Amino acid sequence: MNNYLLYEIGVEEMPSRFVESTLEQLKTNLSNSLKDNRINFDSIKTYATPRRLVLLVEGLADKQLDFEEEAKGPARKIAVDGYGNLTKAALGFMRGKGLSEDDIYFKEIGGNEYLFATIKESGKDTDEILLEELQTIIKSVVFPKSMRWGGKNMRFVRPIRWLLALHNDNILPVNLEGIIASNKTVGHRFLGKKSIEVSSVEDYLSKLEENFVILDQNKRKELIHHQIDEVAQSIGGTIELDEELLDEVTYIVEYPTAFYGEFDKEYISLPKEVVKTPMQAHQRYFPVVDANRKLLPNFVAVRNGNDYMIENVKKGNEKVLEARLADALFFFNEDRKHNLEYYREKLSTVVFQEKLGTLLDKSNRIYKIANEYQTDLNIDKEKLVEAAYLSKADLVTNMVFEFDELQGYMGKEYAKLEGKDTLVAQAIYEHYMPRFSGDQIPTSLEASLLSIYDKMDTIAGFFAIGIKPTGSADPFALRRQSLGILTILLEKNIEFDIANLANIALDQFDMVEFDKEKVVEEIVDFFNERTKYIFKDMGIRYDVVDAVLASDEKNIYDLYERAESINKWIDRESLTDMLVAFNRVATLAEKAETKNIDENLFSEQAERDLYENFQIVDKNINQYMQAKEYTKSLDEFASLKPYIDTFFDSVMVMDEDMLVRNNRLALLNKIYESMLQICDLSKIVYK
């Protein structure tokens, strides 16, 4: 391969969760660096294993592009004094650009002359640029957690142990805090050579494979998938595949070899997730199921190496899993000695937040909200309240203490074993949903409401004590909680007044003092910001989002429907003229001192015509809005435009007679209020 850059960063084993984002940052940093330095290239490929991050640039130019720029200096009247000499301003411009008097000239722009100079710079060799830039792209990577090591003045996710840098088969001796890049890499930690000298890209790739390193993560993932399927089939089952686990395993091995293990059938009697969680979350094993999706007493694991002494590895993995499953069985049996009511009382021993009380206090608040909040939804209120009462009880069970991934799930399982209604048990499990962006939402309305109450309790409490997300800081994930609420409202088409719910939630916090009116306003603003985020993510224009949020509508799903309608409706040629007219209405409407219109004060035909037609339009809009026909509502409102234009052309709104003036302003205010039923068109950007 010609015209390439191969850059390998060798590190100690990285946590798999950091690999993708690190690769993306390195690629972006290098791409920006090459573009900023005027170095052409065709593509950048990235590869990663637990021990190496690799960038491969193809079609890389040998030199920077030449640079030419016409630099503008001060105007002649500033650059030259009355004797024709260059002033300090002109000399400063020349000094800053490294110019002499021979380089400068004057050019006329807009009737004035300015000092100019054409600056030319020959492109440097790419190697010269890369020696500096290849350090910078590493130092610019940001991690949630990073390390310093060996007295180096830099941080990285794990200590960097070697660098390999080749440009067109030539070594680039990049110096990163004393780590000098070479043409040497290392093989697999146990199976490969400790030092491998490479002469080209092709040589690099082939020698890594010879030394038990499959560099391409996609190839490695495909291989793992194939191997685990094959192994599972060999024991009469199939893999219950978890894509996240497959990705994770891909980034913890350089040379995968799958194998199966067994565990005691006794553990199969445990709830399915109790068996799967130690396997997947703690050991990174793949569960094996039969044709009915029931767990088999087997697992498939992936070794970072070949099949040498694989039986010993199998026994070791079985032993580790056996210990975890034995713990799980013990915890399950211990937990079953008491009911959920018992565990609910123990919530008083765990602090939720120093100022907001214990988990029992939180549980009581959710219970009260479930009791007090009135809704028109067709739900089983009794079962919702029961689920709210028990929703947090499993947090103090032995099982959840050991495996926190099982929160909610164990509550559901224990509730079922106690004979609780399925709806109650499922709501206990689902009230944590959605747990992250893209996660499943609760299935029942009861679980949906419980999830909303729980999340709103957290948001209201933290806002009440002055803890709010700022910038990128959101340590208590309040944004995620609010997005969870909005997602449920949208998906389930549940009508909720956020301000009302926030009010009820805040009523439960009698242990802290706060300005309730102010906090409610802050919470509503907080939700409006999140609503904007969601709608924009769904392709709605930001000004359309502002326009619908200015309406009186509180139903998030309804707001989305009208935002989508408006988003399409405003895509018309006549929009600008229309919005100019309605903006004049909106601006003057704010000046109205009364809302009463006296037809006897109309003196011009234009105001009578506008009033008469407005009454017809307003009536039609009401009907269309009830039927949620937003486009028809907008069309109806737009039909007022000619009457509004004539009104402004022939009527002096701000008449000297205050009665006449206020009457005309009241008419405009009525029209503006009618518009707000749909949205505030004055928020639409049309210039």
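**Briefing: overall form and nonpolar cores**

The protein chain has a radius of gyration (taken over C-alpha atoms) of 34 Å, whereas a compact globule of 687 residues would have one near 26 Å. The globule rule is 2.2 Å times the number of residues to the power 0.38. This is a predicted model, in which local features need pLDDT of at least 70, side-chain atom pairs count only at pLDDT 80 or more, and totals for chains, interfaces and linings use all residues. Residues are numbered from 1 along each chain as its sequence is written, and side-chain values use heavy atoms, with hydrogens and water left out.

**Overall form**
- Along its principal axes, the C-alpha trace spans about 100 × 95 × 45 Å.
- The protein chain has 26 helices (DSSP runs of H or I, at least four residues) and 18 strands (runs of E, at least two).
- Of the 687 residues, 49% count as buried, meaning under 20% relative accessible area with a 1.4 Å probe, protein chains only.

**Nonpolar cores**
- A nonpolar core is a set of buried Ala, Val, Leu, Ile, Met, Phe, Trp, Tyr and Cys residues joined through side-chain atoms within 4.5 Å.
- The largest one has 136 residues, of which Met399, Tyr453, Ile523, Phe535 and Leu681 touch the most other members.
- Helix H16 (residues 445–464) gives this core its largest share, eleven residues.
- Apart from this core lies another, of 38 residues, including Ile137, Phe143, Trp149 and Tyr251.

**Around Met399**
- Beyond its neighbours within four places in sequence, Met399 is in contact (heavy atoms within 4.5 Å) with Val274, Ala328, Phe331, Phe332, Asp335, Leu406, Met410 and Tyr414.

Key:
Buried < 20%, exposed > 50% of the residue type's maximum accessible area, 1.4 Å probe, protein only.
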